[in-house]
Amino acid sequence: MFNKYFSKLGETQKNAIFLIILFGIISLLGDVIYEGARSVNGPYLETLGASALIVGLVVGFGEFLGYAIRLLSGYFSDKIKAHWFFTIFGYGLLISVPLLALSNYWQFAAIFIVLERIGKGLRSPARDTILSYATKQVGTGLGFGIAEFLDQIGAVIGPLVFTFVFISAGPVKTVADYQQGYSYFWMPFVMLMMVLFFVYFKVRSPEEFESSYSKKEESKQIPKVFWTYSLFTFITTVGFVSFAIIGFHLKVQGILLDAEIPFFYAVAMMIDAIFGLVVGKMYDSFKSKHDNEKSGLLLLGIVPILTAVLIPLVFSYNFVTVLIGMLLWGIVMGSHETVMKASIADITSINKRGTAYGIFSVIYGLALFIGAILAGYLYDISIFWMILVLVGIEILGIPVYFMMKRQIM
């Protein structure tokens with residue numbers, strides 16, 4: 001069936017799919033590395049002596065800095081057409097993850113964690129811009145959905161590395177056990193860089209995919225709905241707690257064993273991968289149904305509702321309710337990451353796209369920063385009040401969604 005479908009495609013579409021799949025493999029290897037690390041960074045910092053506030057500060061600052069840098073990398077990747085430079089250099093900084101195996105103090109571990117986020121910040125606008133050119137040939141939702149699916153396979157594999165390491169270790173997990181897990185990421189890092197350079201030499205001018213794509217004349221200005229969408233994302237992301245805090249909760253409260261924490265994260269990433277494909281196809285269907293490039297954003301109405309539901313679940317003290325909460329957490333992640341990337345490609349012109357990705361990323365990163373610190377601070381005071389505040393923030397996103405809906409329709 002796949003061969004029959006593929007045979008109907010033109011040469012340009014086949015090359016576009018080739019690029020999407022290869023970038024998906026690169027993202028897969030990248031996620032093996034950094035999602036594997038993120039699944040245990042919170043417990044690792046706690047093992048090294050950090051408090052919940054320190055974990056929230058490190059994770060939040062890393063996220064904010066990583067997203068803030070995207071404003072510059074996105075702008076300059078557009079300005080000097082350096083999409084490949086920022087992509088390659090950003091992926092190169094993933095070397096900081098296996099270097100975590102050498103850290104014996106939480107201060108040094110924090111530096112490597114932040115460096116990894118900086119690398120993601122440097123590469124993401126440029127990489128997403130390169131991908132957006134190719135997705136125009138097959139549908140932005142489906143294209144980014146395929147990339148997200150492959151990406152999240154790596155996000156499943158990475159945490160499982162630590163699951164197996166912890167299973168083979170003793171009942172009490174030491175710093176050495178964590179460091180052994182981090183050391184296994186040298187191999188996927190080398191493989192990633194090899195594939196990345198292969199793609200670079202194979203496709204030097206990815207913008208040609210979109211220049212051959214027949215479409216309506218676009219405004220060269222960033223549209224008003226972009227800012228409303230950014231506000232909606234900011235509010236709902238502040239209330240969307242990071243897994244570092246969730247993992248900290250699961251470890252400190254003794255709800256899960258150390259080996260089960262990254263496994264739960266892997267399950268959430270698997271849901272993210274599957275739902276990313278589903279929501280990507282739905283996104284394209286919404287655009288076709290309404291004959292409107294922006295209408296795919298309407299799918300995001302479920303985000304604040306699901307987030308408000310999952311927060312008390314993941315911070316409960318019951319195995320089953322935590323698992324249900326993590327499944328919802330994966331669905332929300334899949335919605336954000338697929339629709340977010342696809343929508344920016346659809347509502348901005350080609351010459352402003354890197355800049356738009358950069359601006360949006362700063363807003364998103366600021367929300368993650370505030371959310372992580374707020375959750376960490378409130379957690380140390382009262383889990384009940386933390387849940388209440390985060391759920392209240394999600395409710396504030398609902399009227400902004402309807403404001404965005406009016407601008408789209």
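Trainee: What should I keep in mind about the model?
Mentor: It's predicted, so local features need pLDDT of at least 70 and side-chain atom pairs count only at pLDDT 80 or more, while totals for chains, interfaces and linings use all residues. Residues are numbered from 1 along each chain as its sequence is written, and side-chain values use heavy atoms, with hydrogens and water left out.

Trainee: What makes a space here a cavity?
Mentor: On a 1 Å grid over the protein atoms alone, it's a set of points where a 1.4 Å probe fits but cannot get out. Searching the whole structure gives 3 cavities of 30 Å³ or more.

Trainee: Which residues sit closest to the centre of the largest cavity?
Mentor: Out of 39 lining residues, they are Arg 38, Glu 63, Tyr 67, Arg 117 and Glu 337. Lining means having an atom within 4 Å of a point. Helix α5 gives the largest share, 8 residues.

Trainee: How do you know where the largest cavity lies relative to the domains?
Mentor: Domain 1 (11-204) and domain 2 (222-408) both supply lining residues, so the largest cavity lies between them. The domain bounds come from an automatic or database assignment.

Trainee: And what lines the second largest cavity?
Mentor: That one holds about 80 Å³, and its lining includes Phe 23, Arg 127, Asp 128 and Glu 337. By class there are 4 nonpolar, 2 polar and 6 charged residues; charged means Asp, Glu, Lys and Arg, nonpolar means Ala, Val, Leu, Ile, Met, Phe, Trp, Tyr, Cys and Pro, and the others, Gly among them, are polar.

Trainee: Why is Arg 38 with Glu 35 called a salt bridge?
Mentor: The rule asks for a side-chain nitrogen of Lys or Arg within 4 Å of a carboxyl oxygen of Asp or Glu. Here the closest N and O atoms are 4.0 Å apart, and the pair is a salt bridge. The two residues are 3 apart in helix α2, so about one helical turn separates them.

Trainee: What makes Ile 302, Ile 305, Val 309, Ile 395, Ile 398 and Phe 402 a patch?
Mentor: Patch members have over 30% relative accessible area and no salt bridge, with nonpolar side chains (Val, Leu, Ile, Met, Phe, Trp, Tyr) joined within 5 Å and like charges within 9 Å. These six form a nonpolar surface patch, about 500 Å² of accessible area together, by the Shrake-Rupley method with a 1.4 Å probe, only the protein chains shown counting as cover.

Definitions and conventions
On a 1 Å grid over the protein atoms alone, a cavity is a set of points where a 1.4 Å probe fits but cannot get out, and a pocket is an open set with protein on both sides within 12 Å along at least five of seven lines; lining residues have an atom within 4 Å of a point. Grid points are joined across faces, edges and corners, and a volume is the space filled by probe spheres set on the points. Helices (H or I, at least four residues) and strands (E, at least two) are DSSP runs, numbered from the N terminus.
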